[in-house]
Amino acid sequence: MHTTLIIEGANCASCVSKIETALTRLESVDEAAMNLAQGTVTVNGTASTETLIQAVDLAGYRARISEASDEDLLSEKEKADEAYYKRLIREMTIALSLGIPLMVYGLFIGEMTVETNTERLAWLLVGLLTLGIMVYAGKHFYLGAWKSLLNHNANMDTLIALGTGTAWLYSMVVVFFPHALPEMARHVYFEATAMIIGLINLGLALEVKARGRTSEAIKRLIGLQPKTARVIRDGEDIDIEIEQVVLDDLVRIRPGEKIPVDGVVREGHTAVDESMLTGEPMPVEKTAGDEVVAGTINKTGSIIFVANRVGKDTALARIIDMVKRAQNSKPPIGRLADVIAGIFVPAVMIIAIVSALVWLNFGPEPTVAFAVVSATTVLIIACPCALGLATPMSVMVGVGKAAEAGVLIRSGEALQTASKITAMILDKTGTITRGQPRVTDIHLTGDHDEERVLGMAAALESGSEHPLAVSIVESANERGVAVEKLEQFKAIAGYGVEGVVAGGSVLFGNEKLMHERNIGIDKAVSIAQNMASEAKTPMYFAVDGKLAAIIAVEDPVKEDSIAAIRRLQHDGIRVVMLTGDNRATASAVADKVGISEFFAEVLPEDKADKVAELQMQGEVVGMTGDGINDAPALALANVGFAIGTGTDVAIESADVTLMRGSLHGLADAIAVSRATLQNIKQNLFGAFIYNVAGIPIAAGILYPFFGLLLSPVIAGAAMAFSSLTVVTNANRLRFFNPQEH
Amino acid sequence: MILVNLAGVLLIALIVWWFWLYKPGEASVADSALLITVADGTYQPSRIKLPENQPVTLTFLRKDPSPCSATVLFPAFDINEELPLNASKTITLPEMQKGEYAFSCQMQMYRGTLIVG
């Protein structure tokens, strides 16, 4: 048995012999050969992979199994689907090549009845031919039906096998014992058996094709992954398979090339097109220290970066995994259909028997023939698949569609709830605004000059990672102000910070903080209010118990926030802004972006309470934030949306991750989820109505009124195309454009 | 005619008993991993007895090309996995409490039950 392992951390010739020796020392290993350039070792022997990995581990290196890539799995799946499709088409052709001539004969040329001995012989031959068709083209139905039966289970195969089997058996009875039946009932239904098998195979074949199209989005994502990478090992550039790139490899990227794995830029400067992952059309500038992500395309410059996530750990691999999982998960709306599908087949079998009994007891002559036709038709027309397919097919396409727009939906349940959102809370900083505030005004109120104030403030804020703090430090750096020495520091959540800078005790924060420390700000309040009315955030800065300055910081609104918020409101969603800022600033920002409701001065830990408050009012609440300090609020909301900054995938507390910073992603997410739910409802409605109307008609409920009884062949066609209709309707979602809504 | 009607009713009773009421035998999980074959419209075995409070690894081998069989769902544990054709796929289940848990394909046509405890 050959096993190939990928070795990490081996980059010298002596490593080769160390690893090879460590492996061949195992009794269950016959041979071990390492390829240093590729970073792989091929082992021949009976040892389990775990043993091999352990042996390499003990030798001081890391090994992992080379797994089949998503692309390999996909192409294998496509090959298997193609082979299955061809088989179904072949079986259909054979079945219909008997069924169609028989049907034409029955309809236009002669009677399909058995009277003379010649007719018996002729029909016996046809019957045997039909049996051949059943064995060749319908084997999978009968085998499936039999195996399920033994397992006390029943599925679509059971219905088809019973339906076609009943028609064939009855016809054979007519051929062998015509006199056991009344003259009018001596009719054969071989054409029905052959036609049904042919039509259902055709339906399945078309369904396989249509299903293939539902996974186009994931195919596109998988296609983003390049196959090779150019790494620098021992000072030389070598091209290796993507699977062989290991952590800390130096990867060289030239203009126009795809980034093969995730990493951090070490050298060079370039612009990278990340639109395929984030939906953000503008290329992103990258320079030393910036992150690059697998699957994105380098535009202009050349860079060398250090691989920090490879294989299944790259953002792209995790996105693919997440989308796949979400595509296969089920929203609650499908549960009823699942329950029905679970008991459906035996129920249909019972209906078929009841229908046959009713015809036998109360029907017109020939009762036996009517009973057989109605029972067969009921069995054939019933379609549990349409019910079972209704939800998953739409979810598959909808989740894929969202992923194309840079929206990652975690599960079918999140998708369904997102479609019902009535109120959306938007965190202000980083969601509506860019989250990169800048100092705009320094209004002095004391004896200190601007430079000194900024120098002290920057010192105080240097320890903090709060965006406002960062803006103060940046402003000081930009103006070349010397930052003073920080001696003590304490953050007071919701108020500000205090500390000791250059021997002076300083306070920096909001009005509440100043009041609490009894610092006179009466004269400054109107200045601060003016600043706030311009959507700036004023902060008071006091030194040794005296107000020294008001520093205003402005966080510019993202260009497209206004349009995106309008889209949400247009969709009938109550949009509410949430911020820790003071009322006046909040009001000014809300005004600017067209939001009439807001919660201001909310402490970080109280954000979740605001979500609960809206929920108490009966709203289905969506909460949008950056997923870092608002995790509890995201988790409590009916649907939590995390705005990613580029490529943070799958933020844990969020049901939906928006890969690009724009709020349009949010409107897209809601539009896609609504369209998907509507599609599911259409499918479920169609599948229910089909079965609810089809089964009684097949049983002959219209016969007493209109003399109408369906032929089993029509039932076969209806059933074959009902599930195809569901898949096709789901595929319509592929053409849905969220931007238009 | 009475006989025919009686036969019909008996048949209905048989269907109800066979598909809904009867509880078939159980297959035990082996020490390491149990192999479940996905073929001809069924999971074999389809009723699997598992120990309580212990994570378990199941291996699925899908031989059925029908696209329905390509996904297996364990709704109680929020697990869904794609099963490659003619290749094995291992699925690790978390620690489970005593009870019965269903697993199925997306369309509920392939059905199985885990019996924990």
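Close-up 1. A:Thr296 sits in the loop that joins strand E10 (291–292) to strand E11 (297–298) of chain A. Helices (H or I, at least four residues) and strands (E, at least two) are DSSP runs, numbered from the N terminus. A:Thr296 has a relative accessibility of 0% and counts as buried. Buried means under 20% relative accessible area, exposed means over 50%, and partly exposed lies in between (1.4 Å probe, protein chains only). Neighbours within four places in sequence are set aside here; beyond them, A:Thr296 touches A:Glu257, A:Lys258, A:Ile259, A:Val272, A:Asp273, A:Glu274, A:Met276 and A:Leu277. Contact means heavy atoms within 4.5 Å.

This is a predicted model, in which local features need pLDDT of at least 70, side-chain atom pairs count only at pLDDT 80 or more, and totals for chains, interfaces and linings use all residues. Residues are numbered from 1 along each chain as its sequence is written, chains are lettered from A and ligands numbered from 1 in the order in which they are written, and side-chain values use heavy atoms, with hydrogens and water left out.

**Close-up 2. Helices H4(A) and H5(A).** Helix H4 (residues 117–137) of chain A packs on H5(A) at an angle of about 70 degrees, and their axes are 5 Å apart. Axes are lines fitted to C-alpha atoms, for helices over the stretch in contact; angles run from 0 to 180 degrees between N-to-C directions. The angle makes H4(A) roughly perpendicular to H5(A). Angles under 35 degrees count as roughly parallel, over 145 as roughly antiparallel, 65 to 115 as roughly perpendicular and the rest as oblique. H4(A) contributes A:Met134, A:Val135, A:Tyr136 and A:Ala137 to the contact, and H5(A) contributes A:Lys139, A:His140, A:Phe141 and A:Tyr142. By class, the residues are 6 nonpolar, 1 polar and 1 charged. Ala, Val, Leu, Ile, Met, Phe, Trp, Tyr, Cys and Pro count as nonpolar, Asp, Glu, Lys and Arg as charged, and the others, Gly among them, as polar.

**Close-up 3. Helices H5(A) and H6(A).** Helix H5 (residues 139–150) of chain A and helix H6 (residues 156–176) of chain A cross at roughly 115 degrees, and their axes come within 8 Å. H5(A) and H6(A) are therefore roughly perpendicular to each other. The crossing of H5(A) past H6(A) is left-handed. A crossing is left-handed if the near helix is turned anticlockwise from the far one by less than a right angle, and right-handed if clockwise. On the H5(A) side, the contact uses A:His140, A:Phe141, A:Tyr142, A:Gly144 and A:Ala145; on the H6(A) side, A:Asp157, A:Thr158, A:Ile160, A:Ala161, A:Thr164 and A:Gly165. The contact of H5(A) with H6(A) has 5 nonpolar, 5 polar and 1 charged residues.

**Close-up 4. Helices H11(A) and H12(A).** Helix H11 (residues 335–362) of chain A packs against helix H12 (residues 367–381) of chain A at about 160 degrees, with axes 8 Å apart. H11(A) and H12(A) are therefore roughly antiparallel. H11(A) passes H12(A) in a right-handed crossing. H11(A) residues in the contact include A:Val348, A:Ile351, A:Trp359 and A:Leu360, and those in H12(A) include A:Phe370, A:Val378 and A:Leu379. The contact residues divide into 13 nonpolar, 3 polar and no charged.

**Close-up 5. Aromatic pairs.** The whole structure holds 19 aromatic pairs over all chains. Rings of Phe, Tyr and Trp (its six-membered ring) pair if their centres lie within 6.5 Å; planes under 30 degrees apart count as stacked, over 60 as edge-to-face and the rest as tilted. A:Phe508 and A:Phe541 are edge-to-face, because their ring centres lie 5.3 Å apart and their planes stand at 90 degrees. A:Phe508 is in strand E18 (residues 504–509) of chain A and A:Phe541 in strand E19 (residues 537–543) of chain A, so the pair ties together parts 33 residues apart in sequence. B:Trp18 and B:Tyr22 are stacked, with ring centres 5.9 Å apart and planes at 10 degrees. B:Trp18 is partly exposed at 24%, and B:Tyr22 is partly exposed at 32%. Ring pairs also link B:Tyr43, B:Phe60, B:Phe74, B:Phe103 and B:Tyr110 into a cluster.

**Close-up 6. A:Phe736 and A:Val672.** A:Phe736 lies in the segment after helix H26 (712–732) of chain A. With 14% relative accessibility, A:Phe736 counts as buried. A:Phe736 and A:Val672 are 64 residues apart along the chain, and 7.8 Å separates their C-alpha atoms.
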